Amino acid sequence: MIGGLVIPTGVPTKESEQVTYTLDTAHQKASDMVKSIPANLTEYRCPLCGQVFSSYADMKEHYEINHYGSIPPVMITLKLNGKLCELLVEPHWTLKRTLQFRLGLTGAKHMCDKGVCGSCTVIVDGRAVLSCQMLAVECEGKEIETIEGIAANPKWKPLIDAYCRWDAMQCGYCTPGFLVSAKNLLDRNPHPTEQEIREALAGNICICGTYPRHAQAIMEAVQVMSEGA
Ligand code: FES
Ligand code: FES
């Protein structure tokens, strides 16, 4: 996925059918994903019948008349990766589901969905949280950082770079959660000890067993960032 690996797209027969992902293209892709999220809703679609309205008030009125007794979607505004964004969510949707299915941000991964594995970690108002355990409606007005926002920010390139250099991933499924936890640690403590790193990552599970590499990668990133500061 990153670090210069060549990833086959489907079953390629020619070299031209392969896509090469490097740290730069991964950074660019993350930036594009963050930029592509629209700030304002321009239409309000009834999830029950698909009818489209030009205002939230019209859609709520439609609910009262045509879907009496059903709970309409809620309109919320998130500050997502530094950008305000309005969206309609069902009241029971988790933040993880909203990021993935409403906004196309698939970095926070679906694994246990029970608050156990840490693969869905995001940062909300400066705290690392499990997005599978938080409702989207609870995030109204809160600042949310996802792995896409972190990968798009050049400040954190040394961290991602160090993860690649230390090969701190196998399948990579847990990696975004680890990186978000690591970034949250470095925000609070820019020069952590190895023990502090291990404690900060204790809520992240890797079934491929890459644990020893994370502390090494983070300590190297700290050194590179200190030298560049
Ligand atoms: S998917 Fe959220 S903690 Fe496992
Ligand atoms: S690298 Fe596969 S689950 Fe961690």
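Modeller: Two strands pair if DSSP finds at least two bridges between them. The elements themselves are DSSP runs numbered from the N terminus, with helices (H or I) of at least four residues and strands (E) of at least two. Residues are numbered from 1 along each chain as its sequence is written, while chains are lettered from A and ligands numbered from 1 in the order in which they are written. This is a predicted model, in which local features need pLDDT of at least 70 and side-chain atom pairs count only at pLDDT 80 or more, whereas totals for chains, interfaces and linings use all residues.

The part I take is the open sheet. Five strands form it in the order β6-β5-β9-β7-β8, and the pairing is mixed. At the edges stand β6 (83–89) and β8 (127–130); each has a single partner strand, so one side of each is left without a neighbour in the sheet. On average, neighbouring strands are turned by 40 degrees against each other, direction ignored; axes are lines fitted to C-alpha atoms, for helices over the stretch in contact, and angles in general run from 0 to 180 degrees between N-to-C directions.

Strand β5 (residues 74–80) and β6 run antiparallel and are joined by seven bridges. Within this pair, L78 has C85 of β6 as its bridge partner. The two strands make a hairpin with two residues between them, and N81 in the turn has a positive phi of about 50 degrees.

T121 is placed opposite L130 of β8. This is again a hairpin, with two residues between β7 and β8; here D125 in the turn has a positive phi of about 45 degrees. β7 also pairs with strand β9 (residues 143–145), antiparallel and over two bridges. V124 has I144 in β9 as its bridge partner there.

Confidence is given as pLDDT, the predictor's confidence in each residue, from 0 to 100. The protein averages 88, and 90% of the residues score at least 70. Strand β7 (residues 121–124), part of this sheet, has the highest confidence in the protein, at 98, and strand β1 (residues 6–8) the lowest, at a mean of 38. Over residues 1–13 the pLDDT is below 50, and beyond near neighbours in sequence this stretch has 21 contacts in the model; a contact means that the C-beta atoms of two residues, placed from the backbone, lie within 7 Å.

The axes of helix α5 (residues 157–165) and helix α8 (residues 211–228) come within 8 Å and cross at roughly 140 degrees. The two are therefore oblique to each other, given that angles under 35 degrees count as roughly parallel, over 145 as roughly antiparallel, 65 to 115 as roughly perpendicular and the rest as oblique. Their crossing is right-handed; that is, the near helix is turned clockwise from the far one by less than a right angle, anticlockwise being left-handed. From α5 the contact takes P158, L159, A162 and Y163, and from α8 it takes A217, E220, A221, V224 and M225.
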